[in-house]
Amino acid sequence: MGQKHQTRSALRLAAEARLEDATPKESPESSQALVHELQVNQIELEMQNEALRQAQHELEESRNRYVDLFESAPVAYVILARDGRLTDANQLATRLLGRTPAQLLQYTFDQFIAPCDRERWKEQSAAVWAGTLDAPQEAELLLQNAEGSQFPAQLQCGALDPSHTGTTMRIAFFDITERAEAAAEIHRLAYFDALTGLPNRRLLLDRLAQTLATSERKGLYGAIVFLDLDDFKVLNDTRGHDAGDRLLAEVGQRLRAGLREGDTVARMGGDEFVVILDGLGPTQESAALLAQNIGEKLRQSIAEPVDLGEFVFHCTTSIGVRLFGPGETQAELLQHADLALYRAKSAGRNRVIFFDPSMQAVLDARGRLEDALGRALREGQLELHYQPRFDGERRVVGAESLLRWRHPKHGLMTPNDFLGIAAQTGLILPIGRWVLEIACAQLATWSQDPATRELTLAVNISALEFRQSDFLDMVRQALDSSGASPEKLTLELTEGATLDSSEETMCRARQLRELGVRLSVDDFGTGWSSLSRLTRLQLQEIKIDRSLVFNMGQAGTDTTLVSAIIALAKSLGLATVAEGVETEAQRHFLAAEGCDTFQGFLFSAPLPLEGFQRLLRHAKPGS
Ligand code: C2E
Ligand code: MG
Ligand code: MG
C-alpha cells in the first residue's frame, strides 16, 4: 500500500515538472491545444480505468465460480506437489480422507493408499510424474482415510498444467463402495448358493480345475467327495420346505466346520454336496487313508441330531469318493464320484464308498446302452405290449400299454432295464411321444370295429414328460392326428414323482381333464399322497400297487389297507384298478371289497399286439 502511494507521488512530481517546463515557451494557442489534449488523455485514462475495473470484477466472479465449483464438486479433488505432499483439497476430499484442509497439508497422498495397493500406486504415479502420458491415468484403488478405514475408489490423475508437467499432479477421485458392493453381490449370486452360502456348481468346477492343476504341479493326490442326504425327501415332503431348507443350511455349516480352510465345499443343488480335498498326500495309499478318515468324519458329523426348532431330525448321508492324482481330467472325476455315491446308496446308504475301476465297467455298459437306446428309437426296435384289464365279470374292458425293447443282442427288455437311462438322458421325451402316438393310433383302429370300440387304453407317463411345457400340446396332437377319442385314453401318472401338490401339477391336471382324457394314479399306496389331496387333482382312477395286492393275506395290515383304499376311493367317486393280480384268492378278495377292474398274470401277461388281438377274439366281449 505504502509503496503504491510513493509511486503515485513521484509520478505527480514528474508530471508537475513537465508542465512547468512547457508553460512559458508555448503561445496561448498552443497551451489551449495542450489543455485540450490533456483533457482528452484524462478521459481516455478514465475509460481505460473503467475497462480495467470491469475486467477485474469479471475475474473475481470467475474465480468465485471456480472456487465454488472446486469446493462443492461431487468428486473429491486434491493437488500434489512433486514430493507427493497435498497442497490443496476440496471439501469432498477432506471429508473422504478424514482431515481438515490445513491438516491435509501435512500428509503425502501415499499415506491414504491402502498398503495392499501401494505398489500399484507407485507405478501409476511414477508414470504421471514422468509426464509421458497423453491422457490422464485411470485407476481403481483401495484408499484409507486418516483413521485407517478403507474404501474402494476410482481415481483419475494427471499433470495439473501441461506446460508444467512433472511439478504438480491433480487427482480426482470418488468413493465406489456401492458399485463395488453391487459387483460383489452379482459375483455372489453367480458363484454361491443362496441358501447355504457355499460355492455353487460353477465355482466348484472352477476350483476343481485349479486343484487339478496344483495337484499336477506338486505331484500330490487329492479327492473329490460326493455327499447326498439319505432322508431329505422325507423331511421335505412331511415337514415342508422350510424345515428342508434349515437342514440344508445346517449340513452346509457342519461340512464347512469339518474341513480345512483350503478345502472347497459346494452345494450342487437339492440335497447334494461336493467337497474337494486338496493335497492329501504324495501316494495313493496315504491319500486314500486320509480321504477315508475325512469322509467318515463328515458322515458322523451330519448324523448328529439336527435341532430344527419344533423337532429334532436325524439324517444320514451316503458318500462317494474318487481319489485323483496328477494328470486326471475333470469330467471323468465327477462321473466316478457320482457312481461311487450311487453305490453307497444302493449298498444300504449311510456309508462312504470309494470309486474302484470295476465300477468303470458299469459306466461303460451304461454308455453303450445309452447309444443303443437312441438307435432303438430310430430303428424301430421299440414295441408296445398290451396287458388286458378285466371287469368283475371277467370281460376285457381295456388294456395298459407297456413298453418293450427288442434288443438285437439281449432280446426283449422291460422298462426297468432302460427307463432310468432314458430319463437321465432325456430320451424319455421322444420315446414318450412315440408311445402316445402309437397308443392313440391303436385306439383309433379299435374304434372302427364294434367288437373293440369300447376298449380303453392306458399309457404310462413319466414325471419328466408330465412337466414338459408342451406336454398338453403333445397329447392334443396325438389325439387329433389319430382321431382317437380322448375319453378312451387314460394317462397313468405315478404317485409322488409326478403328482405333487404344486400349483403347476394342479393346472396341468386340469388342462388334461379339459381335453377329455382320463387320469389315473399308478402304483397307489407306495407314495406319500393322501387320497383327499389327489381328488383335488380331479383324477378318475387309482391303481392299487401290486406290492399291496401281493402282500394281501400275508401281512394283515396290507389287507386292511387295500380294503380301506377301495372303500375310500368309492366314497370319493374314484374307479379302482388292482394291478399284479396273480391268484384267484386275490381276485376274489378284491372283488368282494368292491374293486372295479383287475389286471395281472392271473388273467394275462402283457402281450404283443397280435397276442392281445387273439385274446380279444377268445375272451368275453366287454360291455
Ligand atoms: P406299471 O405301470 O406299474 O406297470 C405294471 C407292471 O407290472 C408292468 O411291468 C407289468 O408287466 C407288471 N405286471 C403286470 N401284471 C403283473 C403281475 O401279475 N405280477 C407282477 N409281479 N407284475 C405284473 P413292466 O412292463 O416291466 O413295466 C414296469 C414299469 O415301467 C411300469 O410300471 C411303468 O411305470 C413303466 N412303463 C412301462 N411302459 C412305459 C411307457 O411306455 N412309458 C413310461 N414312461 N413308463 C412305462
Ligand atoms: Mg402303469
Ligand atoms: Mg403300476
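This is a predicted model: local features need pLDDT of at least 70, side-chain atom pairs count only at pLDDT 80 or more; totals for chains, interfaces and linings use all residues.

Trainee: In which helix does R587 lie?

Mentor: R587 lies in helix α21. Residues are numbered from 1 along each chain as its sequence is written, while chains are lettered from A and ligands numbered from 1 in the order in which they are written. Helices (H or I, at least four residues) and strands (E, at least two) are DSSP runs, numbered from the N terminus.

Is R587 buried or exposed? At 12% relative accessibility, R587 counts as buried. The term buried means under 20% relative accessible area, exposed means over 50%, and partly exposed is in between, with a 1.4 Å probe and protein chains only. Now look at what R587 touches. R587 is then in contact (heavy atoms within 4.5 Å) with G392, R394, V581, F598, L602 and F603.

Helix α21 covers residues 584-593, strand β20 covers 575-578, and E579 sits in the loop between them. E579 is buried, with a relative accessible area of 7%. Which residues are the protein donors of the magnesium ion (ligand 3)? They are D522 (OD), D523 (OD) and E579, which gives two OE donors. A donor is an N, O or S atom within 2.8 Å of the metal (3.2 Å for Na, K and Ca); water is not among the atoms, so a site may look incomplete. Along the chain, the spacing for ligand 3 is D-D-x55-E. D523 lies in strand β18 (residues 518-524) and E579 in the loop, so the pair ties together parts that are 56 residues apart in sequence.

Stay with D523 for a moment. D523 is partly exposed, at 22% relative accessible area. Its backbone also deserves a look. Phi of D523 is near 55°, which is a positive value in a residue other than glycine. That residue belongs to strand β18.

The magnesium ion (ligand 2) is coordinated at 2.0 to 2.2 Å. Its donors are E400 (OE), N460 (OD1), E492 (OE) and D522 (OD). Their spacing along the chain reads E-x59-N-x31-E-x29-D.

How far apart are the two magnesium ions, ligand 3 and ligand 2? They are 4.0 Å apart, and D522 coordinates both. In short, D522 bridges ligand 2 and ligand 3.

One more backbone case is worth checking. N350 has a positive phi of about 50°, although it is not a glycine. N350 is in the loop between α11 and β12 (352-354). It is partly exposed, with a relative accessible area of 29%. Helix α11 has a partner to look at too. Its residues Q330, L333 and L334 meet L205, L208, A209 and L212 in helix α7.

How values were computed
Side-chain values use heavy atoms; hydrogens and water are left out. Lists of a residue's contacts leave out its neighbours within four places in sequence.
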